[in-house]
Every structure is written in structure tokens, then in C-alpha cells.
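Thanks for stopping by with this one. Shall we go through it together?

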Amino acid sequence: MNTHCEDISDAAFRGISSLLYDTAGIQLSEHKKTMMVTRLRKRLLHLGLDSFDGYLSYLRGGNKDELQVMLDLMSTNETYFFREAEHFNVLAKELRSQPGKHWRIWCAALSSGEEAYTIGMLAQDILGTDRWSLVGTDISSRMVSKARRAIYPEAMLEKVPEYYRKHFCLCGRGEYSGYFTFIPEIRAAVDCRLMNLTKPLAGIGPFDIVFIRNVLIYFDQPTKEAVIGRILPLVAKDGLVITGHSESLFGISPHLQTIQPSVYRYSPQARTAQV
Ligand SMILES: C[S@@+](CC[C@H](N)C(=O)[O-])C[C@H]1O[C@@H](n2cnc3c(N)ncnc32)[C@H](O)[C@@H]1O
């Protein structure tokens, strides 16, 4: 099989897209055909299937494990340490406003963990041990495993400022040579879990700060509203909600006050005027 998008029928593309949407809320436009072929091609070969129509039937056969594999392959997991760095200035300012309290933070689309450990390094620096905890969640089991493992190639340290490298990162030796991880205090405070934001969110919260960055872009407006509607009851009064720079919660809830673009404060009692 080659990788041309002609290899996938319209029916198979629509069928797989609609499973992806129904399961994860992820919307794929027609021009993502090539992406689907590229991401799923190896899986078809692995299963010995010679067409995407066959793969769709296999998925529709009620195979839940395969649905998870498909989600893992189709989700976009791009992330890196200190991504959209301005948000970490906001985080630092917020944590410094009450250094004595125990801060509960949620990283709601964790990917492979770089965002969670960036937050962890800042929180550990400002608050110290046992003054913060972080729950990281993602729909991709492959990503959650990577985040739990917390071992990254040393080349990724390029994005980590020298101060944080020196104080919070540990370079590996022997079989881990060329890799790094984080000090045990940070690793112990980060709890990574599998969670789908488009389904009921049970067993977590409340949180003082929620990072929901660079995932809302994959959702249509009704899904985005439903996801935020599920997240807000898990946010403490006056908690912060931070989205990706290209995402907006404008008009989604009267209880979210825009502090600056992509940073919102949740005031459940207040109705904020959105201008
Ligand atoms: C582009 S990454 C963003 C990672 C990180 N937040 C950042 O900004 O660097 C998007 C992540 O959202 C996850 N995701 C997509 N749909 C999801 C859903 N319905 N529930 C939970 N996570 C989801 C994907 O698996 C992926 O890891």
C-alpha cells in the first residue's frame, strides 16, 4: 500500500472521522485525508488489512482496544517544554500571590508531559515540596505512559532555561545516558491519568489552576462549550483557566473573566460582562 489519499475511500474517511469525533470530539476536515492515511497506514499493515474500508469494519466491530489505538495514532501530540512561555510568567505570579497555600493544578491535555513538568519545575521552585500537586490527563494512553515515565532525550533540554536545568533536571547514566528526568520531588507531585474531556470527568478536582492548552482547537463550538461546561465545576472559586494562545473562551461562560488573552479567572457567583 502506498500513501496517496486516493487509497482511502470517501466512505472510509468519513466513517473513521466520525468515530474519532464521537469518541474524542476531534474534528477532521476533508483535507486531512492524507494525514489519516499517513498515520494509520502502518496499523493496517500490522493488522493484515488491505483497505481502510476493512479497517473501518474492524473498528465498528466493537473492538474497544482498537478504538484506543486509533485515537492514539490520530491525536496530534505536539508539545515542548516552556511552550507559550508567557503563560509561565502568569503562573509564577499567581503562585507567588499565596506561597503558603497548597496549589492544585490540572494539566488537561498533557500529551507526553512536557507542559506538566514545566509547571512542576516552576511550582517546585516557588512553593517547594508538598505545597503543590498536579494532575495531568490525556485521551492518548501512549502519551499518558510517556508522561508517567518522564524520561526525555537530552536534546529537549534546549528549551529549558539554565536555572531550571541546574536545579530540577537529572541527566541519566548508563542505559539512560543521553536522557534526563526530574528530581523525585517533582515526579512525586505529578499524577498522570487517562481521561477523555468529552466524557463525564469523574474523580478529580477541585483545581486552583487549569491548563487546557492547544486541545480546544480540535473541537467544534458545541464540543468546546460542553468540555468547558464540564471543566468549570472542577475549578475552585477565583481559579485560573489558561488556554492556548490561539484558543479563546470568549462568550462561553459569563463566569469567566478575561485577565489577558487566553488567561481567565473563574468567578462562579459573578456574571462578567464580555466586551
Ligand atoms: C497538541 S497536544 C497539546 C499538549 C499541551 N497541552 C501543549 O499545549 O503543549 C493536544 C493533546 O490533546 C489530547 N486530546 C485530544 N482530544 C482529547 C480529548 N477528547 N480528551 C483529552 N485529551 C485530548 C491529545 O491526545 C494531545 O495529546
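What follows is a short chat about the ligand site and the domains.

Modeller: A quick note first: this is a predicted model, where local features need pLDDT of at least 70, side-chain atom pairs count only at pLDDT 80 or more, and totals for chains, interfaces and linings use all residues. Residues are numbered from 1 along each chain as its sequence is written, and side-chain values use heavy atoms, with hydrogens and water left out.

Biologist: Which residue has a backbone N or O atom 2.9 Å from a nitrogen atom of the ligand?

Modeller: Let's take the polar contacts (pairs of N or O atoms within 3.5 Å). On the side-chain side, a polar atom of Thr79 lies 2.6 Å from a ligand oxygen, and Ser75 has a side-chain N or O atom 3.5 Å from a ligand oxygen. The backbone atom you ask about belongs to Leu197.

Biologist: What distance separates the centres of domain 1 and domain 2?

Modeller: The bounds come from an automatic or database domain assignment. Domain 1 covers 5-74, and domain 2 covers 86-151 + 183-266. Taken over C-alpha atoms, their centres are separated by 29 Å.

Methods
A polar contact is a pair of N or O atoms within 3.5 Å; within protein, one must be able to donate a hydrogen and the other to accept it, and residues adjacent in sequence count only if both atoms are side-chain atoms.
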